[in-house]
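Happy to go through this one with you.

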Amino acid sequence: MMAEAGLAALWLAASMALLQLIGGLTLLRGATGQLVPLIKPAAYVQGALCAFAFGALMWLFYVTDLSVLLVASNSHIDKPVIFKLAGTWGNHEGSMLLWVAILSISGAAIALFEKRIASNTLYATLAVQGFLALGFFAFLLFASNPFERLTPAPVEGAGLNPLLQDVGLAFHPPTLYFGYVGLSIAFSFAVGALLTNQVGPNFARAMRPWVLGAWIFLTIGIAAGSYWAYYELGWGGWWFWDPVENASLMPWLAATALLHSVSVLATRNALRAWTIMLALVAFAMSMAGTFLVRSGILTSVHAFAVDPERGSFILALMLLYTGLAFVIFALRIGSVKQGEAFQLVSREGAIVANNIFLSVILAVVLIGTLYPLAAEAMGDKISVGPPYFNKATVPIAVLLMLALLVGPMLRWRRDELKRLKYWLVGAAAILMWSGLAVWKFAPEVGIFPLLGIALALALGVAAWLPLRGRKLLRTPLPVFGMVIAHFGIAVSVFGMAAESGFSKETLTALAPGESTNVAGWQVKLDDIKPVVGDNWVAVEGEMIAGRNGDAFVLRPQSRQFFKPEMQTSEAALLTQWNGQLYAVIAQPDQQGDGRWQVRLWWKPFVTFIWYGALLIALGGMIALFGRMFRHAKKPAQNKWGAA
């Protein structure tokens, strides 16, 4: 009965979303009848019902109820419990239910806690939330029912994709969904403020925590997905410009620009149009990513294999939501008052430059991702891969980092570059000397890794300069958050540049007792032995890696899963302070002489990529907690009033 109860909860939640929408429409028509006061209670009930529905699905996976089609298709009676639970969202229907549950619970939280905006704007925002949820409810109930029964029930179940049976990936999708839903809430705030003509600092203060939270979760989700692909797929790369990777990168780029704009609007009453537009674009990118992953038009280890009809449903929702939003934007943006003026050379001007560079990178990635699909629809086969993305995005990223070197040092409203002449000379010196030092010791390094390392070192210094002259104990937490996040960018860029410029690779075949070399490491294949896991068997190689008198043991595996059948490579990683030794063992050599295919990489400072991502997310968390604490202690005062 749990499946039927979950399905009934979805139907009731959909009716609450419809009630929110109708109540909002009556409000916009100027009516204040009995439906408007029901908007908040409807949001509460919708959130509770969706939480129950998702909890019911998790229970069905936990007990492995194989009479439910979704459980039978994505679980197995012998799977570890954590992967049984991860199967709840490791598929199309379950992930969409998680999306709707987060959306509905977030709407209930807005209705319960939001006090900073006018009541009519709050009601309009909740009505837009109801409108968004209603489309996804229709999708679940009519096209992707997660509670559909299966008769007769199978004995064991088909199992979860072995590539997804990983602790890291068990937590990767939920973080991305939290990020996507945070952007949908920003979208609802933006449309609600446009409809009620309340685009001002109060609206921005209400939206900013959701944008910041979404950005934090997207950062963590993308970093987790990158590291999963790095160690699980056995290819030795941390970013492949896979279309599904791009599907999560594009909302992050838009959210980064939106985060800067909404902060300026909240504190300086500027960039009103930028903030609204970026909120709409960020949500559009999250919807585009959802369509790409679930439409069935992509072949990727990340994508859900879904039929095109359901992909068309999502595409229709995306066009409906974003199309109506941009129509409202076009009709209403002229009535939005201009914010406070600022000069080009100012902190606001630097943020605008930041937004422009991020928007250009977003456009480049969007075109490179969608163009092959459009060409294929017209009968042509075109492949757009890393060469295009690297050559098109890296130069713009260099300009973005140059703006980061100067922007945080500028004053609000107006400034003069000559005031920063000593810092500009110092930054130029750091760039020049670090670049020369790298070129001196590695003259074969490419121009972009050289620039990346030089810029990372300069930005690593510049990130801390906003604390200069401040009393640290009285410095607001959001300032510390900004500093740590910008320093995290420097750390990540340093890792990216070092890995791409100095990685060494060896591909060979070894018999037990034989050795090979990679970047000064002596690696010996000591033994080959069979290993048995919970739901797999493997061939494990025991390798002894030595350098500078130190010796370490590596145990890469070639695994064979049975439910479903799939072979995977489990890389062995040896982490040092200055890089990682990465080892993969594959099939026996085809010559039948007892040798095994072995692939080794030495990747200098590659771990800095993810250390930097954690620092970026940590900076965001510090800023978020600081603003929440300040709001709880003393409600923010609006200097300008309602727009």
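Q: What makes the largest cavity a cavity, and how much space lies in it?
A: About 40 Å³ of space lies in the largest cavity. It is called a cavity because, on a 1 Å grid over the protein atoms alone, a 1.4 Å probe fits at its points but cannot get out. The volume is the space filled by probe spheres set on the points, with grid points joined across faces, edges and corners. This is a predicted model, where local features need pLDDT of at least 70, side-chain atom pairs count only at pLDDT 80 or more, and totals for chains, interfaces and linings use all residues. Residues are numbered from 1 along each chain as its sequence is written, and side-chain values use heavy atoms, leaving out hydrogens and water.

Q: Which residues are said to line the largest cavity?
A: Lining residues have an atom within 4 Å of a point. Among those that meet this for the largest cavity are Gln-20, Ala-43, Leu-103, Gln-129 and Ala-133. Helix H2 (39–62), helix H5 (92–113) and helix H6 (119–142) each give two or more residues to this lining, and H5 gives the most, with four. Helices here are DSSP runs (H or I, at least four residues), as strands are (E, at least two), numbered from the N terminus.

Q: How many residues in the lining of the largest cavity are polar, and what makes them so by class?
A: Six are polar, four are nonpolar and none is charged. Ala, Val, Leu, Ile, Met, Phe, Trp, Tyr, Cys and Pro count as nonpolar, Asp, Glu, Lys and Arg as charged, and the others, Gly among them, as polar. In the second largest cavity, of about 30 Å³, the lining has seven nonpolar residues, one polar and no charged.

Q: How do you know that S8 and strand S9 pair?
A: Two strands pair if DSSP finds at least two bridges between them. S8 and S9 (residues 579–588) have five bridges in the antiparallel sense, so they count as paired. The bridge partner of Leu-573 is Tyr-582 in S9.

Q: What makes helix H8 a helix that packs on the sheet?
A: Contact means heavy atoms within 4.5 Å. Helix H8 (residues 201–232) touches S8, S9 and strand S10 (596–604), and its direction makes about 50 degrees with that of S9. H16 packs on the sheet too, touching S1 and S10, at about 135 degrees to the direction of S10. Such angles run from 0 to 180 degrees between N-to-C directions, with axes as lines fitted to C-alpha atoms, for helices over the stretch in contact.

Key:
1 Å grid on protein atoms, 1.4 Å probe; cavity = no way out; pocket = protein on both sides within 12 Å on 5 of 7 lines; lining within 4 Å.
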